[in-house]
Amino acid sequence: MERERSFRGISVRAAIGYLENLGGEQRGESTVEGDGWAATLSEEKVTIGPSLQLNEVTIEFDGDPETLEPLIEKFAQKAMRAGG
C-alpha cells in the first residue's frame with residue numbers, strides 16, 4: 001500500500017528524526033525504512049498568502065496497511081504545528 005501525506009512547517013531533517021523515533025533507520029539522503037514500511041521524503045517552499053512562505057515536506061509511505069495506518073497517525077501527531 002502507498003500513501004502520500006504533506007506536512008507544513010517542518011523540515012526534511014526534522015521529519016527524518018521523527019521517523020527514526022518511530023523505529024525507522026535512515027537509508028539515504030531522503031529515505032527512511034522501518035520494519036514493514038519505507039518512507040521517501042521531499043521538501044519545497046509553498047506560498048501562503050501574499051508574503052508568507054513555509055516549508056512543506058511530502059512523504060510517500062509504502063508498506064503493509066496494518067503497519068502504515070498507526071505509523072502515519074503517530075507521525076502526524078509529532079509533526080502537527082499549531083498557532084498560538
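Hi everyone, let's start with one side chain, F75. Setting aside the neighbours within four places in sequence, F75 is in contact with F7, I10, A15, Y18, L19, L22 and I59. Please keep in mind that this is a predicted model.

So who else is in that neighbourhood? F75 is among the residues with the most contacts inside the largest nonpolar core, together with L19, L41, I59 and F61. That core has 20 residues. Which elements give two or more residues to this core? They are α1, β4, β5 and α2, and the largest share, 6 residues, comes from α2. As a general point, nonpolar side chains in soluble globular proteins tend to be buried together.

Now let's step back to the whole chain. There are 2 helices and 5 strands, and from the N terminus on they run β-α-β-β-β-β-α.

On to the sheet. In what order do the strands sit? This open sheet of 5 strands goes β1-β5-β4-β3-β2, and the pairing is antiparallel. At the edges you'll find β1, residues 2–8, and β2, residues 25–28, each pairing on one side only. From one strand to the next, the twist averages 30°.

If you'd like to look at one pair on the screen, take β4 and β5. Strand β4 covers residues 37–48 and strand β5 covers residues 52–63. The two run antiparallel, with 12 bridges joining them. A handy landmark here is S42, which stands opposite T58 in β5.

And the helices? Helix α1, residues 12–21, packs on the sheet and touches β2, β3, β4 and β5. The direction of α1 makes about 150° with that of β4. Helix α2, residues 65–79, lies across β1, β4 and β5, and α2 runs at about 0° to β1.

Let me finish with some overall figures. A compact globule of 84 residues would have a radius of gyration near 12 Å, and this chain has 13 Å, so the two agree. The C-alpha atoms fill a box of roughly 40 × 25 × 20 Å along the principal axes. Buried residues make up 30% of the 84. The chain exposes about 5300 Å², with carbon and sulfur atoms supplying 43% of that area.

One last number is about contacts along the chain. Taking contacts between residues at least 6 apart in sequence, 56% join residues at least 24 apart. Thanks, everyone!

Key. Residues numbered from 1 in each chain as written. Predicted model: local features only at pLDDT ≥ 70, side-chain atom pairs only at ≥ 80, totals over all residues. Heavy atoms only, no water. Pairing = 2+ DSSP bridges. Helix = DSSP H or I, 4+ residues; strand = E, 2+ residues; numbered from the N terminus. Axes fitted to C-alpha atoms, helices over the stretch in contact; angles between N-to-C directions. Contact = heavy atoms within 4.5 Å. Core = buried A, V, L, I, M, F, W, Y, C linked by side-chain atoms within 4.5 Å. Buried < 20%, exposed > 50% of the residue type's maximum accessible area, 1.4 Å probe, protein only. Rg over C-alpha atoms; globule rule 2.2 N^0.38 Å. Areas by Shrake-Rupley, 256 points an atom, 1.4 Å probe, with all protein chains shown as cover.
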